[in-house]
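Welcome to this short tour of a model. Please have the sequence and the coordinates at hand as you read.

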Amino acid sequence: MIAGDKHGENTLEHQPQKIAAIEGAWPTRPPGSSEPMVVFGVPDMREHRNRFEVAIPRVASLYLRHNLSGTVRGLDDFPSADIPPVPVVFFAFRLMVGLGLLMIAAGVAGAVLRWRGRLYRARWLQQAMVGLTPSGFVAMLAGWVVTEVGRQPFTVYGLLRTAQSVSLVAAHAVAGSAFAIVLVYVAVFGIGFGYLWRLVSKPAQHKQQGPHPGLVERLDAGRHQHKRERERDAAAHGGSQ
Amino acid sequence: MTGVLAQTSALQLCAAAIIAFATLVYVLLDGTDLGVGILFFAQREPQRRELMLDTILPVWDGNETWLVLGGGGLIAMFPLAYAVFLSALYPVVFAMLLALIVRGVALEFRDETVKPRWPWWDSAAFAGSTLAGFSQGALLGSLVQGIHVAHGAYTGSFWAWLTPFSLFCGAGLVLGYGWLGASWLIWRTVDGLQQQARRWALRLAWPTFVWTVALLGWCIVRDGEYAQRWLGARAGSPLWAFGALFAVFGGGFVLSVRRRDFLPLVAALGWFCAAFGALLFTLIPLMIPPSLTIVAAAAPRATQAFTVAGSAVLIPAILIYSTFAFWAFRGKVRA
């Protein structure tokens, strides 16, 4: 969260439109008037406002400016050709942060249950953890969408537009290669998942030999021998250490 | 040539040398393990395929590091060459990447299948290796025959790379990689499989010799600028110098292939080094024929300096861990 805060400050300085889109901040508020945190809303690109907005006053000032009255430049301050597709950035950011908070909550819950000695019996948390399995990936992808869609319409911010940096390779060729990649990856991960599934679904049997039979015994024997050697050494040095 | 080269700064030459080095090491290392995959075609016995695979399993993915390094280095240090090369050769580069993915997966998943083995993985390993080698040869041919650039962008069509010459280069490199793979197997295997590898290596060496010489001959006959570099300087002495190198490595291979274990591989790798040297001699100072020079393709000085400095740390590090991997899995592979 500290890294995220620093990241936000940096983005506010270098890519102000991205922050405004994340916040759903359309008008620039007068200095000293404070910035609300838009918890929910449906950004409307045509009317330059949020529908169904639910906002908490002053909170955005706190995390963006670290005071209770700071403001940021709103999207209305920029030419409409220079702002990203706001709803995509807005919702992807909320998805990412929401999942992040859920994961933190799950971690804290786990720590509390462990401390109280109930972790291994808390079925609800175990099920929640299984449900949260893809959350890391989804949050990461959502964050990536925020970053990449949020910097539109530029590839090099303020200098090079995405439309200008498009390659000359025909669109259908690029689409074809993207399709081929998707096809190959679906096959690769599909088959790989199948193999994993088969490994996992085979239950372990009582007294089943591991992949390296006798390894544990050998390791234990080694450790004991090591201990004996250390004791012998200590005895030889007469306990001077 | 000397005139243009004199305008190339030491930093730009250093950057170009890094790209060349990464490409050469990639061809030598991954060419060898792709070759083993290509030889699956000639190997019908499952146990022997297993042994062939065991020689490359610990190293094949490490070998592909050099492709990543070359590609990453190219976009950082010569962005214009990268943009032109990938735009002009888009379908070939993609075919190569997909083939490398399929092949890598086939090598790793092969052992996961329950017996009897799903034979498709072996076919996929062969097809992927062959298509990857073929694409790389076609990339080479397309580069040598020239890619047309105007105002800093590729101006040709989607299929401009597709010529009899580029296909010839692709087919030739598949045989050449097979030769490297067979020479590697001579070193790493014993008994029946080794005898087989000796036969394959000898059978694949001759077509590779012919291919290399034909490629060089094509450059000299078809292109005035290439011919000038080879024949103009000191009455064709470069031709004699490279001819001598090819004679040493080719002769060394033919004389050692029946008796020695390690020497045939050294000779085959030496042949590829000499051929790569001849290619560089043909192209320099061009990065992408017929017009894009090393100077014209170079990134700004600060960018190149940053990347060269990074490479000075990165390349020795990769060399050290790769060498360790080869050393850790050294010795003959037996049944």
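## About the model

This is a predicted model, in which local features need pLDDT of at least 70 and side-chain atom pairs count only at pLDDT 80 or more, while totals for chains, interfaces and linings use all residues. Residues are numbered from 1 along each chain as its sequence is written, chains are lettered from A and ligands numbered from 1 in the order in which they are written, and side-chain values use heavy atoms, leaving out hydrogens and water.

## A hairpin in chain A

Let us stay with that pair of strands. S1(A), residues 37–44, and S2(A), residues 49–56, run antiparallel and are joined by six bridges. Strands here are DSSP runs of E with at least two residues, and helices are runs of H or I with at least four, numbered from the N terminus; two strands pair if DSSP finds at least two bridges between them. Four residues separate the strands of this hairpin, and His48(A) in the turn has a positive phi of about 55°.

Another histidine deserves a look: His66(A), a residue other than glycine, also has a positive phi, near 60°. His66(A) sits in the loop between helix H3 (59–65) and helix H4 (86–115) of chain A.

## Chain B and its helix pair

Chain B holds 15 helices and four strands. Its radius of gyration is 20 Å, close to the 20 Å from the globule rule for 335 residues, so chain B is as compact as a globular protein of that length. The radius is taken over C-alpha atoms, and the rule is 2.2 Å times the number of residues to the power 0.38. The C-alpha trace of chain B spans about 60 × 40 × 40 Å along its principal axes.

Now turn to H12(B), residues 237–256, and H13(B), residues 263–283, which pack at about 160° with axes 8 Å apart. Axes are lines fitted to C-alpha atoms over the stretch in contact, with angles from 0 to 180 degrees between N-to-C directions. The two helices are therefore roughly antiparallel (an angle over 145 degrees).

## Two cis prolines

In chain A, one joins Gln152(A) and Pro153(A), with omega about 5°; Pro153(A) is in the loop between helix H6 (135–150) and strand S3 (154–156). In chain B, the bond from Ile284(B) to Pro285(B) is cis, with omega near 10°, and Pro285(B) lies in the loop between H13 and strand S3 (286–288).

Note on methods
Parallel < 35°, antiparallel > 145°, perpendicular 65-115°, else oblique.
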